[in-house]
Amino acid sequence: GGPADSAGIRGGDIVVGIEGDEIRNIQDFTLALRAHEPGDNVPVVVLRDGVRRTFAVTLGRRGQGSGGEHPHTEGGAEAGHHPHAAGPHHSAPIYDSREVHLRNTRQLTFGGENAEAYFSPDGTQLVYQATSREAKAAGGCDRIYVYDLKSGKIRQFSSGEGRTTCAYFSYPDADRILFASTHGAGPDCPPVPDHSQGYVWPLYDSYDIYIGPADGSGELTPLTSSPGYDAEATWCHQGGRIIFTSTRDGDIELYSMNEDGSDVRRLTHTPGYDGGAFYNADCTQIVWRASRPEGEALDDYFRLLNQGLVRPSHLEIYVMDADGTNVKQLTHDGAANFGPYFHPSGKKVIYASNRASSNGREFDLFMVSVEGGEPERITYADGFDGFPMFSPDGRYLVWGSNRHNELRGETNIFIAEWVENPGAEQ
């Protein structure tokens with residue numbers, strides 16, 4: 001009847017971790033609990049029959065019982081279960097009444113770190129990256145998964161070796177999946193950088209772009225092999241071309257190539273980070289995020305780049321023609337703007353930003369016209385909302401969010417019907 005029992009922890013389990021802290025003895029256990037308050041939701045790692053398992057525990061007061069429901073972690077993507085599923089305790093609502101463009105918001109993943117979910121051409125599947133609670137507790141890193149929206153079944157696509165990111169279906173047939181991986185340099189996860197230099201993103205030199213059959217039946221083929229970071233690849237929706245980010249020329253620039261890796265063309269040429277690019281529906285334009293540091297900020301940018309790092313604190317949203325010409329800046333607020341995606345009409349861009357945050361940690365979705373102007377705020381949930389993508393028919397929006405969490409800071413994938421003109425509906 002207590003918090004551990006309600007979370008699914010059993011007699012005989014050995015507690016070995018609490019919210020990232022290793023538990024080796026009763027003193028570690030006591031100190032870890034003293035860092036929290038009753039009512040906090042924390043991940044507790046236990047050893048059960050030699051296997052590490054993670055449970056979401058809502059802490060109580062000494063002697064307090066609980067009649068709550070049981071959160072359980074599911075195991076085994078092979079069985080068709082979600083590898084990151086957990087129970088029903090949630091710390092934030094799934095919907096905010098101010099989110100007038102969103103209707104029937106649904107949560108698709110439950111627990112762990114889940115992000116960058118992108119639709120298949122027919123809108124029936126998502127491909128995304130995730131680290132389960134168990135994998136995170138064991139020092140693991142992101143793998144690529146495919147989510148069937150009709151059945152709810154999830155299967156792992158990547159091998160489980162190395163670190164993976166930025167997966168995308170081939171267009172127009174969805175017969176292949178594109179993603180970046182470090183597995184060519186070895187099976188282990190490359191280390192995450194510390195934040196002694198502030199908040200930075202790693203640009204692993206071992207990242208290369210791979211492609212393989214979407215059903216997982218064949219071998220992966222590398223599309224890039226140049227020294228440096230190659231990742232963030234997405235497909236033209238008409239087929240034929242791929243756009244990606246690379247450091248092959250000594251800066252972080254955008255390139256396009258044929259779907260077999262040939263005919264590589266550099267598209268951006270200004271010092272600063274250029275990445276996270278997507279084509280519009282007819283592949284005539286590209287939207288992306290970019291930094292344009294100057295003076296000491298530019299010196300700091302190249303200093304970090306030489307260490308395989310980039311600081312993403314000041315990014316603006318840009319559009320250009322597919323050949324790299326007619327560049328236009330859409331945002332001008334000095335915030336961290338990223339994850340842009342075209343509305344199916346091609347006339348607007350949805351993206352994530354901390355422009356409305358008082359401390360820089362609150363990210364929400366905004367939409368801006370390709371002609372520029374004042375952005376419209378789309379989401380209002382506490383924490384993070386990012387990586388939005390419209391379904392090809394424009395009926396749905398999928399994104400990653402901290403909302404409706406069991407554990408503070410976890411990111412899950414949500415989907416909602418898109419309401420184009422909320423003022424016209426009753």
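**Entry: ground rules**

I note that this is a predicted model, in which local features need pLDDT of at least 70, side-chain atom pairs count only at pLDDT 80 or more, and totals for chains, interfaces and linings use all residues. Residues are numbered from 1 along each chain as its sequence is written, and side-chain values use heavy atoms, with hydrogens and water left out.

I take helices (H or I, at least four residues) and strands (E, at least two) as DSSP runs, numbered from the N terminus. Two strands count as paired if DSSP finds at least two bridges between them. I traced an open sheet of four strands, with the order E6-E7-E8-E9 and antiparallel pairing. Strand E6 (113–119) and strand E9 (154–156) are at its edges; each has a single partner strand, so one side of each is left without a neighbour in the sheet. Neighbouring strands here are turned by 25 degrees against each other on average, direction ignored. For such angles, axes are lines fitted to C-alpha atoms, for helices over the stretch in contact, and angles run from 0 to 180 degrees between N-to-C directions. E6 pairs with strand E7 (residues 125–131) over five bridges, in the antiparallel sense.

**Entry: Ser-226**

I found Ser-226 in the loop between strand E14 (221–222) and strand E15 (230–235). A polar contact is a pair of N or O atoms within 3.5 Å; within protein, one must be able to donate a hydrogen and the other to accept it, and residues adjacent in sequence count only if both atoms are side-chain atoms. The side chain of Ser-226 makes one with the side chain of Asp-230 at 3.2 Å, and one with the side chain of Arg-248 at 3.3 Å. I then set aside neighbours within four places in sequence; Ser-226 is in contact with Asp-208 and Arg-248, where contact means heavy atoms within 4.5 Å.

**Entry: salt bridges**

Side chains of opposite charge can pair when their charged atoms come close. I counted a salt bridge where a side-chain nitrogen of Lys or Arg is within 4 Å of a carboxyl oxygen of Asp or Glu. The search of the whole structure gives 25 salt bridges. For accessibility, buried means under 20% relative accessible area, exposed over 50%, and partly exposed in between (1.4 Å probe, protein chains only).

Asp-300 and Arg-303 form one, with the closest N and O atoms 2.6 Å apart. The two are three residues apart in helix H4 (residues 296–305), and so are separated by about one helical turn. Asp-300 is partly exposed at 22%, and Arg-303 is partly exposed at 37%.

Lys-328 and Glu-371 form another, with the closest N and O atoms 3.7 Å apart. This pair links distant parts of the chain, 43 residues apart: Lys-328 is in strand E23 (residues 328–329) and Glu-371 in the loop between strand E26 (364–369) and strand E27 (376–377). Lys-328 is partly exposed at 32%, while Glu-371 is exposed at 62%.

Are Arg-403 and Asp-385 buried or exposed? Arg-403 is buried at 1%, and Asp-385 is buried at 0%. Salt bridges that share partners join Glu-99, Asp-385 and Arg-403 into one network. Between Arg-403 and Asp-385 the closest N and O atoms are 3.1 Å apart.

**Entry: cysteines**

A disulfide is a covalent bond between the sulfur atoms of two cysteines. I counted a pair of cysteine sulfur atoms within 2.5 Å as a disulfide, and the count comes to two.

Cys-141 is joined to Cys-189, S to S 2.1 Å. Cys-141 lies in the loop between helix H3 (133–137) and strand E8 (143–148) and Cys-189 in the loop between strand E11 (176–181) and strand E12 (201–202), so the pair ties together parts that are 48 residues apart in sequence. This link is left-handed, with -85 degrees about the S-S bond. Cys-141 is buried at 6%, whereas Cys-189 is partly exposed at 27%.

Cys-236 and Cys-283 form a disulfide with sulfur atoms 1.9 Å apart. Its torsion about the S-S bond is about 110 degrees, so the disulfide is right-handed. Cys-236 is buried at 4%, and Cys-283 is buried at 12%.

Cys-166 is buried at 9%.
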